[in-house]
Number of protein chains: 2
Amino acid sequence: MRTPWLRPLSLFACLLAAPAIAATAHDKAVGERAWAAVDPFIGTGGEGHTYPGATVPFGMVQLSPDTQIKPRKEAYGWAAGYRHGDQTIVGFSHTHFSGTGHSDLGDVLLMPISGEVKLERGDATKPGSGYTSRFSHASEQAQPGYYAVTLQDYDVRAELTASARVGWHRYHFPKGKPAHVLIDLRTSMYDYPGKVQWSRLRVRSDGTVTGFRETRGWAPGRQLYFAMRFSRRSGGQQLHDTEQDVVYKGFPPPGEKDPRQRAQIEGRQIVAAFDFADAAGQELLVKVAISPVSEDNAIANLEAEAPAWDFDGARAAARSQWQQALGAIDAQGSAEQQRSFYTALYHTMLGPTLFMDHDGRYRGPDNAVHQAKGFTHYSTFSLWDTYRALHPLLTLVQPEQRNSDFINSLLASQRQSPYGMLPIWAFHGQETWCMVGYHAVPVIADAYMKGIRGFDAQQALDAMVATAKHGPYDGIAQYRELGYVPIDEEGEAASKTLEYAFDDWTIARMAQALGRQDVAAEFQRRAGNWQHAFDAKTGFMRARKRDGAFREPFDPTVSGYGSDYTEGNAWQYSWYVPQDVAGLARAHGGEDALLARLDQVFDAKVDPKIFEHMEDITGLIGWYAHGNEPSHHVAYLYAYAGQPWRSQARLGAIMRSQYAARPDGLAGNDDLGQMSAWYVFTALGFYPVTPGSNQYIIGRPFLPRAQLNLPNGKQFSVIAEGLDDAHPYIGSATLNGKPLERAFLGHEEILAGGELRFHMQAEPNKQWGVAERPYSMSR
Amino acid sequence: MRTPWLRPLSLFACLLAAPAIAATAHDKAVGERAWAAVDPFIGTGGEGHTYPGATVPFGMVQLSPDTQIKPRKEAYGWAAGYRHGDQTIVGFSHTHFSGTGHSDLGDVLLMPISGEVKLERGDATKPGSGYTSRFSHASEQAQPGYYAVTLQDYDVRAELTASARVGWHRYHFPKGKPAHVLIDLRTSMYDYPGKVQWSRLRVRSDGTVTGFRETRGWAPGRQLYFAMRFSRRSGGQQLHDTEQDVVYKGFPPPGEKDPRQRAQIEGRQIVAAFDFADAAGQELLVKVAISPVSEDNAIANLEAEAPAWDFDGARAAARSQWQQALGAIDAQGSAEQQRSFYTALYHTMLGPTLFMDHDGRYRGPDNAVHQAKGFTHYSTFSLWDTYRALHPLLTLVQPEQRNSDFINSLLASQRQSPYGMLPIWAFHGQETWCMVGYHAVPVIADAYMKGIRGFDAQQALDAMVATAKHGPYDGIAQYRELGYVPIDEEGEAASKTLEYAFDDWTIARMAQALGRQDVAAEFQRRAGNWQHAFDAKTGFMRARKRDGAFREPFDPTVSGYGSDYTEGNAWQYSWYVPQDVAGLARAHGGEDALLARLDQVFDAKVDPKIFEHMEDITGLIGWYAHGNEPSHHVAYLYAYAGQPWRSQARLGAIMRSQYAARPDGLAGNDDLGQMSAWYVFTALGFYPVTPGSNQYIIGRPFLPRAQLNLPNGKQFSVIAEGLDDAHPYIGSATLNGKPLERAFLGHEEILAGGELRFHMQAEPNKQWGVAERPYSMSR
C-alpha cells in the first residue's frame, strides 16, 4: 500500500486533537456567525430552485411560502414553490424539495386571511381575484429555521418556524376584520387535474384538524397524513369539495347541505376555511404535524414534538440546531464570501430528509408501513446528483450516526423494494425511477471506505450487487450480457454504460475491503466497461447498438431524450471515467491529448440556444455545463494529467461565473445540495472526484482560512496565505508543516486533523502538484 | 310487571332441557339435511340480488361469479354480480353483498382462461369479443360454501370454496392449450370511469402476488388489500395499465417497456395475465386472502388460514361450518318447503360479515387501522333493513358471542366515527350514510333486553344517545327542537320522524332497564313524536313544515325522492308505530278504524307502474310492498287489533305470492337477509314486530314441525297439527301443554325451551288469540 489514504487511521490519531471543551465553545461562536451569514434567498431566483422557508437540518417538514401554483408544463421554475421574481403568495405549505429539476410536494397549504373568505387562489396576475395575496420582499425575513412575511392584501404578518415533523405558524391579524385560516388540500408543486386522488379533512371534537391526501405526482400513490391544532378555538368552519362533474359522490354525510355543519369531508378537491373571530388584532398560532403513516401518528408526532404553544421556543430550537450544524466549518473571508459559503453549507443540509414518525414507523417503497429498528429513517435521495459531493461532504461535517442512518435507510428500502433494488431517486419512501445509474452504490461504498460502520456491510454489499444485477432495470440485463447498454434497446445508453461502470468499480472496492474476492473480481471487470463506450475514431463516448456498431449518425452536440446521453451530450459525458482517468488518457493517446480535449470543452464557442430544449443544462462555459452534474468533476481532471494549475484557473472561472450571493446566484438547480456541496468543497480547496477512492483532488482554496470541525472531534484547517484576486494560484503547500507536493489528499489525512497551508501567488507554479498522480492515474 | 316476557329467565330454566350430547348428535343430522336443502340460486334472478358463490357463515370473503359488469345506471339488477338470466361469466371476484339494492364490492376478479390471452372483458352479447366466457346452468353446482361451473369458451372447470378470509379456486384446464389466470383490478359492482382511484399489483420473489385497490364507490376511499398464491409456479406474467390519457404516469419502473418484465405495476386500470404452461390438462389451485389493513396482513391471513394446498379440506370445513349454523333449526316439511326455509336461513348468515385480520386489526369509519381488543370485528351493517327481523333471528340461532361481537363492532365504530355516531349503513368499516334512522340503536337495545351481555351496556347507551342527538344528521337538530323533522328543511321527513321515534323508544327501554331514569324519560317523550306526523284529517302519516302545517299538496300515492317518505308512500309508511300500536289505533278512532285502514292497504287496486321510478318498491299486494322493509310488520298488525285470523290470512297470501323456491323466487331485494329472516320467522309462526319489546307476534305456522336448537342449549319446538293448504288457520294452541290464548310469545318463553303446539283448521277461529293484547296495545 503506497498511497497515504490507505494508511490505518491510528497513525494520525494523536495529531492536533484540541480539547473537546475548547472546541465546543469555539464551535458555538462559529455556529452563531455561520447562522447569521446564511441567506436563504440565494437560489430562489434564476436556476437554483431553492425555497426560503423554515426547516431544521434534514427535517421532515419544510414549511415555506408558495408564490404561484403552476400547471405541469410551466412548473419547472416553481419546483420549490417560491420564485423570487413573483409578487404574490398563495400560502404556506409543509413539504418542499430544495433545488430539484422536477416538482412535487407542497402538501397541506395554509393561508391566513382577513375579511371575506375566498376559496379559490385566483389568478396571480390579478390581485384580489382569489385568496392569493401580494407581498413585498421588504417585508420578508428569512433565516435558517425561520421565515416571515406580511401578506399585503390581508395586513397579516405571518411567521413560520419548524421542528423536525411540525410546522409552526404565528399569524398576527389586523383589527376590525374577521380572521380566517384557509386549508387547501388541492395545491401541489406541480398541479394537474386528477393529481389529488383522494383527500380527507376532519375536525375532531377537541378542535384538532386531521386529514390526509394521496397524490399521483412524481411518486405515484403517495399518501401524507397531517394533524393540526390552533392556539384559539375556531368559531366555526366550512369544509368544501369544489370538484365538479363527479360521477358518484355517494350518500351525503351529516350536514352535507351546509358546509358549515360538516365535521369531515373527503374527496379530490378539498378546501376549508376556519374562522377565528377573536383573533382580530391578535396572534394565532398553528402547529401542523405530518406523518407518512396515519392521522393518529400525526397527532402523536404533534404531541411528542410540540407540546407547548411556544413559537419563540421552537424558533430558538431550530436556530440552535442550525448553529450546531453550520458550525462544522469555521470559514473566514469577506462578508460576501461567508454569505455564499454558509448558504451553500446550509443548502447541503436540506436532504436527505427525515421520513419517520416518533414511533419509528414510516412508509417504504412498497407503500407499506414499516418499523425502523435501530436506525432513523430518511428519504429524499437525489442520488444521481448527491453521490458526487453531497454525501462525501456530509461524511465530513455530520456525525457518523447520521451518515449511517442514511445508509440504513437505503438498505431498508432495498429490502422493502418490490424490485429488490436500492433507491434510484426516492422521496417520502417512494421510488420515482428518475435519472440513471444505481448511485446508492457509490454512496454506500464511499461511506464504508471512509470508515463508517453503523450498518451491516456484508448485507450492504449484497444489496449493492442485487441492485447492479437487476436485469429489467434500464438495460442492466444487456449490460451484463454485452458489457454495454445497447442504444437500440435502451435510451441514453452511453450515459448508462459509463455510470454503471463507475458504480461497479465502487462495488469492487468495497468487496475487496470486505474480503469478497469473487464479487471484487466480477465488478472490477465490469468497471472497465466504460471502454465499450469509447470511440477512438471521434474521441467521444458513444452508444453502441446490439450488433456492436456505434449508432449513426453521430453529432457530439446533440443532447436530450432520444440521444445517447442523459441530460448532456458527447462533449459533456465523454470524461466520465473517474475510476480510471489513466485509462481515459491512454484511450485518447496520452495525457496531452486528454488535456487538449479538456481545453476544447472549456474553450468552445457554444450558442446556449442549443440547450433550449433541455431545462437542466445551464451554467455554460464552452461545453462545460456547471448547472448540471455530469460536468462537476471535469475541471479537476487537469490535475490528474499533470496540470493542477489549469484546474486552478478553470475553478476560478467557474466560481466567479456560476455562484453569486444573490437570489439568482445559482447557475443550476441546487439538486438537494449537490451544487452547494461542490461549492463548499471547491472553496475549501479540494473535491471528491472519485467517491470510493478516499481521495480528494486539490483544486485551489477560495477562502483565506477555513477549519473543519470534524465529527471525530478533531480539526482540519486550510490556510491560504496571500490569497486575493490577484494571487489565485498555488505556489506551494504544506501539510502539518511538511511540504506537500501532490495535488490530492487522503481522507485519513483530513480525519487525523491538522493543517493544510497554501502559499498563493499571482502566476501558476506549473511544477507544483505534479510529482505524484492521483489514485486512478497512478496504477 | 304483568307480561310474561318480563319474568325472570330462571322461572323457565328447568323446563325441557335435553342432554347436550343428544342435542349435538341430533344437530349434526339436522345440519346435514339443512345444508343439502339449501339452493343458493334462489334469489339470483328476479329481485333477490343474491349470489350463488362460496362463503362461510358471516365470512369476510364471498367468492362468486360475476355474470356481467354493468355501468352505474344499469347496475341495480347486478348488485350481487350474478344474474341467473345471464349466459356469460366475467370472472370470480372475492367480495359481494347478498341482496342489496345498491352495489359495490366485486374486488379482485380472477378468470381462468385457456388459449389466447385477452385483457378486456368484451361485450357480453358478443361471445369471444373479450375474455368473458359463456356458461350453462347445467354445468353449475352451488352449495353453501361451494360453487362450480364450466367456462365453455375455455373448457375450464372452475370450483370455488372459501374460508373466512380466503377464497379458494380450483381450476381444471383442458389439454393442448396454454393455461392462464387473469387478475382484473378494474372491475366492480358497479363500474364507472374513475371508480378505481388507485391500485397496485406486485409479484413477489416467492411467487406470491399481492396488491390493493382503492375505490370511490358506495363507500368513498375504500382500500382493500390482497395476497394470492398459486399451486404451480407461474411461467411468466404480463402486467398492464390499460388507462389511456393519463396526464402524468411518472418515470417508468424497471421493465416498463415490456409488460412481461414488470414485477409491479400501479395505476388506475390494472389487469394482469399469469401463464401456467404446465397446467394444461391439469389442476391449478389459487388461494386469495383479503385484508382491510395491508398486503402484509393479507399474506398473514393467507398463511394463518390456508397453510395447505387442500381444496377439498377447505370445502369440507366450509360445509361443516354451514351444517353447524343451519342446524340451529330443525325444520320439517316438504322438500320444497325445506328448500325455501333453509335457503332463507342460509341467506340470513351472509351478513354482517367478518372484517378483521387474523391479528385483530381492521379499518374503521375514520378509514384508519384499529386493533380489536376482546372482540371480533364485523362490518356490512344494512341496519335499516336488518334491525327488523335479521338481528332478532340471529339472537335465537347464533351464539351470544357472535351477537355480542356485532354490538361491540357497532360500538367500536361509534368511538372511531368522525361524527361520534353508530353506523347507519356500513360496510368494510366505512359509513355510506345510506337510508334513514339510526337503527343500530334498536339492534343494541333488542340484544340487551334479550339478555345479551357481552358488551358494556352503559357505554352502549351513551353511544346510542350520542347518535340520537347528533344534530347535523338528517334533521335531528330540528327533530329535537320541533318534535318532528320539517320537510322544508330535510327530505323524506315523515319517514324520519317515524323511525326516529321508534328508535328513541328502544333507547328508553334500555335506559329504564339500566336504571338511567333521566335518559329513559327523555327518550320516552321522544318516542311519542310519531304523533306529530299523524294527520287526523286524512288518516295518514305526513310531513310537516317548520311552521307546523302539513306540506301541501298531498297525495298518499306519491313516493320517492322529494316525497315525504323513504322508499315508500303514505299508504306504506302510515302504520309505522311498532312501539305504540294502541296509540296508532286511538289516533285512527279505535281498533276497528285501524283494521279498516289495513284492509284498504291490502285490498287496493294498484297499478305497479306507479312505482316504476322506485327500484326498491316491489312485491305488491295492494299497497302492501313485501319487497321492501317498511311493509314487513303490517300484516301482523291485525293481531294487535283483535283479529289474529286476519294476520293469518294475509300472511298466507304473502308467503304464497312473494317467495318461491326458484331463482326468481324472492319478490324483493334480500337486503342482507332481512327478507329471508322475515320468511324464517313467519314460517316458524311468529315475528318480532317490535324489537326491544322481547315479544314476538304469533302469525301462523307454515311448517308442520320445527325445532329451534337455541344458543343456550335448549330446544323450542313449534308443531302445527293438521296443517295443510286446506287448514291454514289456528284453531287453538298450547304452550308446554297449557292452552295459549294470546297471539304473542315472550322471548323468555322461547329461551326456556319447550313446545308450542298449534291445532290448525280450515276456518278461522276468530276467538283465538284475542284475550290479551300484545305489548304495545296493552298499556
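## Close-up views of a predicted two-chain model

View 1. Ten of the ten residues of helix α8 (residues 440–449) of chain B are buried, so the helix is largely enclosed by the rest of the structure. The model is predicted. The buried residues of α8(B) run through B:A440, B:V441, B:P442, B:V443, B:I444, B:A445, B:D446, B:A447, B:Y448 and B:M449. Cover for these residues comes from elements of chain B including β23 (381–382), α5 (383–386), α6 (390–397), α7 (400–416), α9 (457–468) and α11 (493–513). After α8(B) comes B:G451, with a positive phi near 90°.

**View 2. Packing of α8 against α11 in chain A.** Helix α8 (residues 440–449) of chain A packs on helix α11 (residues 493–513) of chain A at an angle of about 35°, and the two axes are 9 Å apart. The crossing of α8(A) and α11(A) is left-handed. On the α8(A) side the contact is made by A:V441, A:P442, A:A445, A:D446, A:Y448 and A:M449, and on the α11(A) side by A:D503, A:T506, A:I507, A:R509, A:M510 and A:A513. By class, the residues of this contact are eight nonpolar, one polar and three charged. An α-helix has 3.6 residues a turn, so residues three or four places apart point the same way.

**View 3. Residues with the most contacts in the largest nonpolar core.** The largest nonpolar core has 503 residues, of which A:F226, A:I444, B:F226 and B:I444 touch the most other members. Apart from neighbours within four places in sequence, A:I444 is in contact with A:I407, A:L410, A:A460 and A:M464. In soluble globular proteins, nonpolar side chains tend to be buried together.

**View 4. Crossing of α4 and α18 in chain B.** Helix α4 (residues 335–347) of chain B and helix α18 (residues 674–684) of chain B have axes that come within 8 Å and cross at roughly 135°. At that angle α4(B) is oblique to α18(B). The crossing in which α4(B) passes α18(B) is left-handed. From α4(B), the residues B:F341, B:A344, B:L345 and B:H347 meet B:S676, B:Y679, B:V680 and B:A683 of α18(B). The contact of α4(B) with α18(B) comprises six nonpolar residues, two polar residues and no charged residues.

**View 5. The contact between the chains, seen on chain A.** Chain A gives 40 residues to the contact and chain B gives 39 residues. On the side of chain A that touches chain B, the elements giving two or more residues are β11 (196–203), β15 (264–267) and α2 (295–305) of chain A. The most comes from β11(A), with four residues. That side of chain A has 20 nonpolar, eleven polar and nine charged residues.

**View 6. A buried tryptophan in a loop of chain B.** B:W623 is located in the loop between β28 (620–621) and β29 (624–625) of chain B. B:W623 counts as buried because 24 C-beta neighbours lie inside 10 Å, the cut-off being 20 or more. Setting aside neighbours within four places in sequence, B:W623 is in contact with B:W571, B:Q572, B:V601, B:A604 and B:V606. Between B:W623 and B:D366 the C-alpha to C-alpha distance is 40 Å, and the two are 257 residues apart in sequence.

View 7. In chain A, the peptide bond from A:E552 to A:P553 is cis, with omega near -5°. A:P553 lies in the loop between β27 (540–541) and α13 (570–573) of chain A. In chain B, a cis peptide bond with omega of about -5° joins B:E552 and B:P553. B:P553 lies in the loop between β27 (540–541) and α13 (570–573) of chain B.

**View 8. Leucines of chain A with positive phi.** Most residues other than glycine have a negative phi, and most peptide bonds are trans. A:L105 is a residue other than glycine with a positive phi, near 70°. This leucine, A:L105, sits in the loop between β3 (91–93) and β4 (109–114) of chain A. A:L105 is buried, since 27 other C-beta atoms lie within 10 Å. A:L672, not a glycine either, has a positive phi of about 55°. The loop that holds A:L672 runs between α17 (644–658) and α18 (674–684) of chain A. A:L672 counts as buried because 27 C-beta neighbours lie inside 10 Å.

Key:
Residues are numbered from 1 along each chain as its sequence is written. Chains are lettered from A and ligands numbered from 1 in the order in which they are written. This is a predicted model: local features need pLDDT of at least 70, side-chain atom pairs count only at pLDDT 80 or more; totals for chains, interfaces and linings use all residues. Axes are lines fitted to C-alpha atoms, for helices over the stretch in contact, and angles run from 0 to 180 degrees between N-to-C directions. Angles under 35 degrees count as roughly parallel, over 145 as roughly antiparallel, 65 to 115 as roughly perpendicular and the rest as oblique. A crossing is left-handed if the near helix is turned anticlockwise from the far one by less than a right angle, and right-handed if clockwise. Two residues are in contact if their C-beta atoms, placed from the backbone, lie within 7 Å. Ala, Val, Leu, Ile, Met, Phe, Trp, Tyr, Cys and Pro count as nonpolar, Asp, Glu, Lys and Arg as charged, and the others, Gly among them, as polar. A nonpolar core is a set of buried Ala, Val, Leu, Ile, Met, Phe, Trp, Tyr and Cys residues joined through C-beta atoms within 7 Å. A residue is buried if 20 or more other C-beta atoms lie within 10 Å of its own, exposed if 12 or fewer, and partly exposed in between; C-beta atoms are placed from the backbone.
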